Amino acid sequence: MPQPQDVRAAVRAMVEAAGLPVSEDEFEKFVEMYPTLRAGADSLYIEEVRYEEPALVFSPLAPAPRA
Amino acid sequence: MTTPTTIRDAAAALRARQVSSVELTRESLARIARLDERVGAFLLVTGDAAMTMAQQADADFAAGIDRGPLQGIPFALKDILATKDAPTTANSLVLDRAWADGYDAVVSERIRATGAALMGKLVLSEFALGPPDPTKGFPIPRNPWDLERTPGGSSSGTGIAVSTGMILGGLGTDTGGSVRIPAAVNGHSGLKVTYGRVPKWGCVPLGYSLDSIGPMARSAYDCALILQVIAGFDPRDPTAGDAPTDDYIATIEDGVRGLRVGVPGEYFFDHPALDPEMKAATEVVIDVLRDQGAEIVEVRLPHAAEAKEANTLTMVTEAFAYHSMDMATAKWVDYGTGTRMIIARGAFYTAADYVQAQRFRSYFAKEAAKVMAGVDVLITPSVVEPAQIVATMDMAKRMTAPSYSGPFNLLGYPALAMPSGFTKSGLPLSAQVVGAPFAEATVLRVGHAYQQATAWHLAVPPIVQAAVTA
């Protein structure tokens, strides 16, 4: 996923979508941190993973009742 | 007699009537009274209850009732585990106290049934993740080897309490290194168990698909004694594995002759951020194991750096799912400053990123399985560097720093942090033994073999000696 051209606007939109009541100082820290976070996530989109199934587990059986 | 420093020795002394549980518990309470204000290990000390449990343990010994090696042993639990007789806070103002009110987590139940003397609830990083925030009213944990330095996290209180002998054993939880990091920087042993090996019901979640509960104690042997009690299926945890539980003591004395020890040079030994003393100490561990008859094999675990990213992404997004309803309210400011900034990162990943992390996880698991098919264990440093000075720690730098623990949470593998020496300035160093899924017995066997040849795990911070003789 490419880095957004306007990181500030992207971060603002995501903070608002999540409803986080962040301070301006916290918002600035998120803006500063976001490119590093995005680069970390992007590093997982590698060729070796292209045809992998996700390691998610779902059982159609109902979970055992709690004791 | 001298107070025993390990569970193994204390258990033997109790059975030989050389010491009583009441005496051990009194000594633990005395250490807590002398030291805890400076090192911040305990959120709550349940001294009266511990003494009652100790008296019961002694009465049971006298009556010929023996519930196993933890009977009468001073022990404590990270305050993320529900306990029926004490509040559970997760070190946070946010956790609903009713959530854990009046019942025991599976592991609390199992430890209680051993007849251990439960000393109280231990400090942790808020919700097993956030750095201490002095404005929230919780104790600030400090490294007993140097009070200016971090005791690591998130099981900081357990690490400090074991290191200083306030307890002989305790429980921590590990999602990205939270048992192994405090064990490493406080100078004792800590075992991250295979995902699902120990039921998590009654533990406040951090990353659902990564969390594990593990033993922390001075030695690998003591970790085995604790694991024997807490391992095994419970239907209340849907992720609990139903693989049979091994006898972790039966093979612990078997040594390493004939075992194949893998050394993943790439990332784990050649990263520029790796502290030279940490690296050198780990190489000496490998030499010791070679001298004991292990075969050393160079291996490559590809994309370990990306595995750290996948672990972090998974942890933060799963944590954000749990916390988002609270974070989007006025409770935002009830979280510690660092805690909310880390958990809220989960809002910045896409759903596709989470799925991609799980696709990467499948790939990485296959690659790791290929490596483990040729070796019995891997050896790496436990952490990149010794305990850092708190005042100079940088959250942004941590985002890009390597992790030698997180990749094994992503894999769900068992991993033991064990002391491997000291820096020139006197800070603990630590090496990690990693095994195949559910191969805790092999991991502990390797750790025990190393600890039979060395005594790093028995070292006690100078602050303790000063307090004991004061």
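## Close-up views of a predicted two-chain model

**View 1. Of its 148 residues, F75(B), A117(B) and L416(B) touch the most other members. A nonpolar core is a set of buried Ala, Val, Leu, Ile, Met, Phe, Trp, Tyr and Cys residues joined through C-beta atoms within 7 Å. Buried means that 20 or more other C-beta atoms lie within 10 Å of a residue's own; 12 or fewer is exposed, and in between is partly exposed, with C-beta atoms placed from the backbone. The model is predicted: local features need pLDDT of at least 70, side-chain atom pairs count only at pLDDT 80 or more, and totals for chains, interfaces and linings use all residues. Surroundings of A117(B).** Leaving out residues up to four places away in sequence, A117(B) touches S21(B), T25(B), A50(B), M53(B), A54(B), A57(B), G72(B), I73(B), P74(B) and F75(B). Contact means C-beta atoms, placed from the backbone, within 7 Å.

**View 2. An open sheet of eleven strands in chain B.** The order is β1-β3-β2-β4-β6-β5-β10-β11-β9-β7-β8, with mixed pairing. Strands are DSSP runs (E, at least two residues) and helices are too (H or I, at least four), numbered from the N terminus. A pair needs at least two DSSP bridges. β1 (42–45) and β8 (295–299) of chain B stand at the edges with a single partner strand each, so one side of each has no neighbour in the sheet. From one strand to the next, the twist averages 25 degrees. Axes are lines fitted to C-alpha atoms, for helices over the stretch in contact; angles run from 0 to 180 degrees between N-to-C directions.

**View 3. Strands β2 and β3 of chain B run parallel.** Four bridges join β2 (residues 74–78) to β3 (residues 117–122). K78(B) stands opposite L122(B) in β3(B).

**View 4. Helices on the sheet of chain B.** α5 (residues 156–163) touches β1, β2, β3, β4 (169–173) and β6 (213–217) of chain B. Its direction makes about 160 degrees with that of β4(B). Helix α15 (residues 440–453) of chain B lies across β5 (189–192), β9 (377–381), β10 (415–422) and β11 (428–435) of chain B, at about 15 degrees to β10(B).

**View 5. The contact between chain A and chain B.** Chain B gives 32 residues and chain A gives 29 residues. On the side of chain B, α10 (304–327), α12 (351–372) and α13 (395–400) each give two or more residues. The largest share, eleven residues, comes from α12(B). This side divides into 19 nonpolar, six polar and seven charged residues. Here Ala, Val, Leu, Ile, Met, Phe, Trp, Tyr, Cys and Pro count as nonpolar, Asp, Glu, Lys and Arg as charged, and the others, Gly among them, as polar. The predictor gives the complex an ipTM of 0.92 and a pTM of 0.97.

Key:
Residues are numbered from 1 along each chain as its sequence is written. Chains are lettered from A and ligands numbered from 1 in the order in which they are written. Two residues are in contact if their C-beta atoms, placed from the backbone, lie within 7 Å.
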